[in-house]
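Please review the briefing below alongside the sequence and the coordinates. It is arranged by topic.

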Amino acid sequence: MANEFVQSLHHLLQQSTSPDTVAIKAATTTLNKQFWKNPQCIPALTSIIQSSPEQPVRQLAAVELRKRINASKLNLWAEVSQADREQIKSTLLPATMQEPVAIVRHSIARVIASIAVIELPASTWPELLPFLNQACTSAVSGQREVGIYILYAVLDGVTEGFQQHIPSLFTLFGGLLADPESLEVRVTTVRALGTIAQWLDADEKPLIASFQALIPSILTVTAQAVEAENEEYCRQIFDIIETLLILEIPLLSKHVPQLIEYTVAAGGNRNVPDELRVLALNALNWTVQYKKTRIQNQALAPNILRGLMPIGTEPEPEDIDDDAPSRSALRIIDALATSLPPSQVFPALRQLVTEYMSSPDPNYRRCAMMALGVSIEGCSEFMAPHMDQVWPVIEAGLQDQDATVRKAACTCVGCVCEWLEDDVISRHQVLVPAVLSLIDQPITQPAACTALDALLEILGTVIDQYLDPIMTRLILMLDTTPIKTKSVITGAIGSAAHASKEKFAPYFEPTIQKLSPHLQLTNEGEEIELRGITVDAIGTFAEAVGKDAFRPYFAEMMKQAFLGIELGSARLRECSFLFFGVMSRVFEEEFAIYLPTVVPALLSSLKQLEHGEIGEEELKQSVEAFDSSSQADTSSASIDITEIASDLEDLDVDKLLEVNSAIAVEKEIAADTFGALFLSTRNHFLPFVESATVELLALLEHYYEGIRKSAVESLLEFIRVFYELSDPVDWEQGAASAVPLNPRVKDLINHVLPALLNMVETEDNKSVVSSLCVGIAETLQKVGPGFVENKLEEIGNLVKSILENKAMCQQDPDQDDEDPAGAEEDQAEFDSVLISSAGDVVAAMAATLGRDFVGALEVFYPLIAKYYKKKRSLSDRSSAVGTIAEIISGMKGAITPFTDRILQLVLKALSDEDAEVHSNASFAIGLLVENTEVDLSSQYPTILTALQHHFQLAPDAPSAKLNARDNAAGAVARLITRNVAALPLDKVLPVLFGVLPLRNDLLENRPIFKAIFYLFRVNPQAMSPYIDQLLPVFAHVLDPNGGDQLGDEGRAELIQLVAALNAELPGKVQAAGLGAYL
């Protein structure tokens, strides 16, 4: 190799490290054209690594040497002579040992790894492993540090040729983990083990056992890195621990208790820097999420909570984006509540909350309020029966002498509002005044406004008594509060409009005038946030007052929404897209004139790049600049020495992988808005269906689950609306659809459904799979058998896997490992949502296939019925019985073979302790009696006895019990219609008619009035004593202000009955106000 070539190359590398951008570009051009395609650059770069006195040049030479070896298209390494290759291999190893600068050593190690990728599988570098073994066992700690790093780099790059060495590596690593002098050796060994862990297969039991034996040593090294307060080492080790947690091979499982014990202790150690405590707590959070079965089986949650609560008492940073141990602790409590059965979390937490609320230290009371709040999402169903014990705690927090506790209590109120709506409404007389009093206190004002916002969102008609004083106060506050508080107030006003609906009309004009100036704000931060919330609130106004009242503002507000898009803020784009969706719902086809402008904005949003992504053009330029295999002119490219100097292991990986959450949420809303637009604007949207579908399909593989979920929902909405617009003929039950779909509808289904089913095979998010199931069920009910033609088996297998807890999103490597009896029955409340959505699909299949579903139901029935067991959660029990009811409704007489099995289960459910289960069981028993071909008259006494207690309720009973009563009334009506002779009408009718008119589940009016019509036809004498009682009921259900309570056919038949009664009893009919319907 000519010395002149090496010197020229050295000079160009020097030029590339200079701050002169012109010189850098010139050097880049020359390197690409004259050096990087020449095989001689490889030995030349090797020479420079060994001889250059300048550290930046040696570093850059190592980085470029690695690139040249990795340039597979040119295969430059193979073009280097055998002698030169051997020379390079023999000199790089000692060169690494002799290099004084760590970052350069690491880059040379990466070069060695790149060569090893080529040489080891071919068995042409036999000296490498002995050299590394010798270095790793050297008596000199510096040599051990270099040796283990090279070995780590090789393991990180090589995928073949090392498997046979793993047992001996485990032996080597066991010693290095206990290195007596160097923490660097120990930490790098952990990193090497993290790489090997990803090679192991489930059937390699001896290797797995060997790895597991090293876990205690890994935890020891973790503790040593934390004790040394070395943040870099700690980040590296905790990254490895998180990797071990998410692997399908349960390497950590047996040591989960020890891992939890250490991370709780490290997280709670106030002598450790907060950054390192947060790292330990983050690892604990991952442990809770990925090792929940192990935690559940060993009942570790109470101990974890006891360790976390003291951390939660520590101060919270002012900035919402700043992390701190206290916030990490609350996140883990949230994860425990949502990941584990609430029976393992809430009792222990409630005890701690009670204890902390009695503390004289306000920090403890604040922690109690916050912990209670974050736990509600995952424990709401379990908590509901215990709320009489929880409310005093929350109310005490709202009245606490310390402002931080009162603020935390406001946060807790917001959480309760979201998940326990009925319980909150029942306490409105206490909560609303308490929160309003806190609004007057400057220190609690923002938190109280947020709580009020949450309250108003759910109050419904209860808001009437509060609306005027609340609106008066909120409007006045807009003049006196800072911008951040104005945002919360504006949101609360929007919630007031949402709850009060048309009663918001008197406040609409003055309020929109008051908020309009917010739409002129343009500065980033709080101003943009206020502008966005104002757009949201005004959209809510439109829904409340209706399109006629809002029409004068429609055009101007659309203009403001478009201006918001142009400001370059992801938050404002998100708010504008939400506004477009609302306006399309309010104005329906009138919105169509905006589609040519709105749709391109949505498409542009979906196509935009996110932080860390590389666009096609940028990627092309990068390849042209740095890849020696490119043939393009790269004279305009430059080398960024700051990026090169970092090399792989020194880059901030967190920044590289950072999720731009604002853009991701914007895309989520954009994807969701497409479905709303098509549903509202109908035929006007047809020109945009294809382009929107293409983009939505592309989002099914997005990393953010919210985007995937929105894409799924909009794609299925597209199918349903497209079907409605195709002027379809009513479909018929059966596996082979006798009614063909419109070819364009079929084409859309063929593009969308296979993609959805393919996505779900690897989907690991339960919420996304649940949305898919709900959407499939809804679409199946709408489109009929044609929707699932040729895909019925795949959909059935998906549902079966969910009901068996075998879907990808339900997998836990530890779930089959020493599960105690009954563990499967006690699951997180979030898991029940997925099971319920799978039941929706089964019910839809039953309704679609009818008699053709009998064979499949033999498979599905036991899978559904197992969720009705005493130890199952309320959601599981209620869902199982509700699904069975819907299956009966769909299959009609085809349910007959299952009569005995269903009867036994439903009779048990009628004695369930919960009203929601009673409601579904009443519905199911009525449908079974009505539809089965088996005469169940002999069961009437048993059924009536089970239903009787529903009719003995006080008027102010909880809504769930009143709803159950309505379903019980519907069940009795179905018994009458099926076999009136088997009932003691003189005892049954007074009870049945005594609960009319229905106030909760109005759909049950249909079977009840069907029974009334039937009785008037077959046994009018039995009805005579009740005519005076029934006439006001007839007037109530016919009143158009009460909505449709009977359906068109039922309404027409009732009017016929009223006419017949009018012929006999005109005075009574007219007195009841029924003359208007004749």
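The points that follow cover domains, nonpolar cores, a pocket and cavities.

This is a predicted model, in which local features need pLDDT of at least 70 and side-chain atom pairs count only at pLDDT 80 or more, while totals for chains, interfaces and linings use all residues. Residues are numbered from 1 along each chain as its sequence is written, and side-chain values use heavy atoms, with hydrogens and water left out.

**Domains**
- The domain assignment gives domain 1 (1–88), domain 2 (867–1015) and domain 3 (1025–1077); such bounds come from an automatic or database assignment.
- Domain 2 and domain 3 have C-alpha centres 25 Å apart.
- In contact (heavy atoms within 4.5 Å) are 16 residues of domain 2 and 15 residues of domain 3.

**Nonpolar cores**
- A nonpolar core is a set of buried Ala, Val, Leu, Ile, Met, Phe, Trp, Tyr and Cys residues joined through side-chain atoms within 4.5 Å, where buried means under 20% relative accessible area (1.4 Å probe, protein chains only).
- The largest nonpolar core holds 272 residues, of which Phe 550, Phe 685, Ile 1012 and Phe 1034 touch the most other members.
- Because domain 2 and domain 3 both give residues to this core, it lies between them.
- Another core, of 98 residues, lies apart from it and includes Ile 48, Ile 115, Val 158 and Leu 177.

**Second largest pocket**
- A pocket is an open set of points on a 1 Å grid over the protein atoms alone, with protein on both sides within 12 Å along at least five of seven lines; lining residues have an atom within 4 Å of a point.
- The second largest pocket contains about 1,600 Å³ of space, a volume being the space filled by probe spheres set on grid points joined across faces, edges and corners.
- Its lining comprises 45 residues, and Glu 381, Ala 384, Leu 874, Asp 914 and Glu 916 are the closest to its centre.

**Cavities**
- A cavity is a set of points on that grid where a 1.4 Å probe fits but cannot get out.
- Two cavities of 30 Å³ or more are found in the whole structure.
- The largest cavity holds about 50 Å³ of space, and its lining is formed by Leu 803, Ile 835, Gly 839, Ile 864, Tyr 867, Asp 876, Ser 879, Ala 880 and Thr 883.
- The second largest cavity has a volume of about 50 Å³ and is lined by Thr 96, Arg 105, His 106, Glu 145, Val 146, Tyr 149, Ile 150 and Glu 184.

Methods. Buried < 20%, exposed > 50% of the residue type's maximum accessible area, 1.4 Å probe, protein only.
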